[in-house]
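Welcome! Please take a moment to look at the sequence and the 3D view before reading on.

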Amino acid sequence: MNAIELKGVNKKLGSFAIQDLSLTVPMGTICGLVGENGAGKSTAIRLLMNAMKADSGEIRLLGAAAGTQEFDEAKEEVGVVLDEAYFPETLTAIQVSKVMALTYRRWDQRQYEEYLKRFELPEKKRFKEFSRGMKMKLAISVALSHDPKLLVLDEATSGLDPISRDEVLEIFNEFTRAEDHSILISSHIVSDLEKLCDYIAFLHKGRLLFCDEKDQLLETYGIFTGTAEQADSLRKEAIISCESSGYGGVRALVRRAEVPESLELERPSVEDVILHMVKGVRK
């Protein structure tokens, strides 16, 4: 069973549309969803959680099809953190836990209190007085404290300082040490996803350009640096995009299989691949 399956999902929203979105997240893996602002990441997550109805296509969550009673039951096993944490402003962290205990059948109060201590969150301070980072930490604490099998995270590290981000990423890694635990996380901080994820999915203007295993993705492409003449000598199919690096030099993302083995290539970062792909699409 896969944790997430989207097949041929379409959704029209004014001038924007999610188009033929097909994405699979195997059980026990972490998938990073990357894309520019407005690419459709949050819309895709809302479609997945059935907070927004798709115009067409199939959606399955932990094996259950959207629109069925099994799907509603499966959502009990999903911890969700959206790009903004939403709790009543006057509630304290302790009062939030009382609400969650009535919401989730498997609410774990001890686990929740441990996360509050780990994140150094005040128990009696009102939510409206929390900083953005504190709000995200509270939302993550709630998401992890009802024995979920799947975490769906939309910019969950947004607003956190680098030390807090590393701490949160370590917690996510701990979560997926269980073979039946999975994560879908969207973020504009690509370096976080490169540290954390097994799969990288790249959404561009509502279309999924790729979803690949991270290591395979980084083996498929390479960074060529050299002269414009050297770049021109390569097959057209080899180059994804090419840019000037000054003094007559160029830097290009290339497909390793399409260039001579004698050509020395750098290993790209995930960010290199994504930035060059966007430039390639715009050509």
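Predicted model: local features only at pLDDT ≥ 70, side-chain atom pairs only at ≥ 80, totals over all residues.

Is Ser182 buried or exposed?

## Starting at Ser182

You will find Ser182 in strand β8, which covers residues 182–186. Ser182 has a relative accessible area of 0%, so it is buried.

What does Ser182 touch, leaving aside residues up to four places away in sequence? Its contacts include Ala3, along with Pro26, Met27, Gly28 and Thr29. Also among them are Lys149, Leu150 and Leu151, as well as Phe175 and Thr176.

## The chain as a whole

Now let us step back. The chain has 283 residues, and buried residues make up 49% of them. Its secondary structure consists of ten helices and 13 strands.

Taking the contacts in the chain with a separation of 6 or more, 66% are between residues 24 or more positions apart.

Strands of a sheet pair through backbone hydrogen bonds, either parallel or antiparallel. Here, four strands make an open sheet with antiparallel pairing, and their order is β2-β1-β4-β5. Strands β2 (16–26) and β5 (64–65) are at the edges with a single partner strand each, so one side of each has no neighbour in the sheet.

Eight bridges connect β1 with β2, and the two run antiparallel. On its β4 side, β1 is joined by five bridges, again in an antiparallel arrangement. Which residues are the bridge partners of Ile4? In β2 the partner is Val25, while in β4 it is Leu61.

Two packed helices are described by the angle between their axes and the distance between the axes. Let us apply that to helix α3 (residues 93–103) and helix α4 (residues 109–118), which pack at about 150° with axes 11 Å apart. Angles over 145 degrees count as roughly antiparallel, and α3 and α4 are therefore roughly antiparallel to each other. Their crossing is right-handed. From α3, the residues Ala93, Val96 and Ser97 meet Gln109, Tyr112 and Leu116 of α4. This contact comprises four nonpolar residues, two polar ones and no charged ones.

Helix α4 also packs against helix α5 (residues 132–144), at an angle of about 155° and with axes 9 Å apart. The helices α4 and α5 are therefore roughly antiparallel too, and they cross in a right-handed way. On the α4 side of this contact are Gln111, Tyr112, Tyr115 and Leu116, which meet Leu138, Ser141, Val142 and Leu144 in α5. Here the residues divide into six nonpolar and two polar, with no charged residue. Notice that Tyr112 and Leu116 are part of the contact with α3 and also part of the contact with α5.

## Two residues with a positive phi

Most residues other than glycine have a negative phi, and most peptide bonds are trans. Against that background, two loop residues are worth a visit. Asp147 is not a glycine, yet its phi is positive, near 55°. Asp147 sits in the loop between α5 and β7 (150–154). With a relative accessible area of 43%, Asp147 is partly exposed.

The other residue is Glu155, in the loop between β7 and α6 (162–175). Glu155 is not a glycine either, and its phi is positive at about 55°. Why does Glu155 count as buried? The cut-off for buried is under 20% relative accessible area, and Glu155 counts as buried because its relative accessibility is 10%.

Technical notes
Residues numbered from 1 in each chain as written. Heavy atoms only, no water. Pairing = 2+ DSSP bridges. Axes fitted to C-alpha atoms, helices over the stretch in contact; angles between N-to-C directions. Parallel < 35°, antiparallel > 145°, perpendicular 65-115°, else oblique. Left-handed = near helix turned anticlockwise from the far one by under 90°. Contact = heavy atoms within 4.5 Å. Nonpolar A, V, L, I, M, F, W, Y, C, P; charged D, E, K, R; others polar. Buried < 20%, exposed > 50% of the residue type's maximum accessible area, 1.4 Å probe, protein only.
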